[in-house]
Amino acid sequence: MSAGEAPGGRPALMLTLATAGFAINFWAWALLSPLAPRFKEALQLSPFQQALVVAVPVVVGSLGRIPVGALTDRYGGRVMFPLVSLATVVPVLYLGLAGQTSLAGLLVGGFFLGVGGTTFAIGVPFVNAWFPPARRGLAVGVFGAGMGGTAISALTTVKLVDMGGTVTPFVVTAVVLCGYAAVAALLLRDALGRTVPG
């Protein structure tokens, strides 16, 4: 039986879980951008320093997809989605609790926050393996909707700060990441017949 013929709607469930993980990790990945003007004012940052705070997670997330993609080939999405989600919790909490008081703290936290941006490299091979070639384009297109996680961040981060202080969006995101990691560890499965490189 091929992955596309798996019973019980398993491919659809895997696609849903992968898309949710992508969106949640991208939500975390984009947390600094909506707050950059506040950081600039509070820490008296120059325009270049403000841009650097926003750019560091983006650059690390983009370059980090290379090793994370290789690890996904080896260990599969079932391992990598929960692992990367939990790893992203650490910089999220660091930034929320301690990293906002200096430029150095923001840059260090932002560097490790880039891990959340690597989930694209986990999801594409994971989703592809679950669907036959004729349906992979649609499946990956649906998965790509997880990029909307950056919109979640843009729409909620400042509002959460206004409601509960600068720690709030980071704590909320960390809780959601932990919840997703637990669900993913329980429910995610790699497709049967997935090729593991030697």
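F26 is buried, at a relative accessible area of 3%, where buried means under 20% relative accessible area, exposed over 50% and partly exposed in between, with a 1.4 Å probe and protein chains only. The model is predicted, so local features need pLDDT of at least 70 and side-chain atom pairs count only at pLDDT 80 or more, while totals for chains, interfaces and linings use all residues. Residues are numbered from 1 along each chain as its sequence is written, and side-chain values use heavy atoms, leaving out hydrogens and water.

F22 is buried too, with a relative accessible area of 0%. F22 and F26 are four residues apart in helix α1 (residues 10-29), which separates them by about one helical turn; helices here are DSSP runs of H or I, at least four residues, numbered from the N terminus.

A search of the whole structure finds eight aromatic pairs, meaning rings of Phe, Tyr and Trp (its six-membered ring) with centres within 6.5 Å; planes under 30 degrees apart count as stacked, over 60 as edge-to-face and the rest as tilted. The rings of F22 and F26, with centres 4.4 Å apart and planes at 65°, are therefore edge-to-face.

Turning to another pair, F120 and F143 have ring centres 6.3 Å apart and planes at 35°, so this pair is tilted. Because F120 lies in helix α6 (residues 119-130) and F143 in helix α7 (residues 133-144), the pair ties together parts 23 residues apart in sequence. F120 is partly exposed at 33% relative accessible area, whereas F143 is buried at 0%. Together, F22, F26, W29, F120 and F143 make up one aromatic cluster.

Terms used: Helix = DSSP H or I, 4+ residues; strand = E, 2+ residues; numbered from the N terminus.
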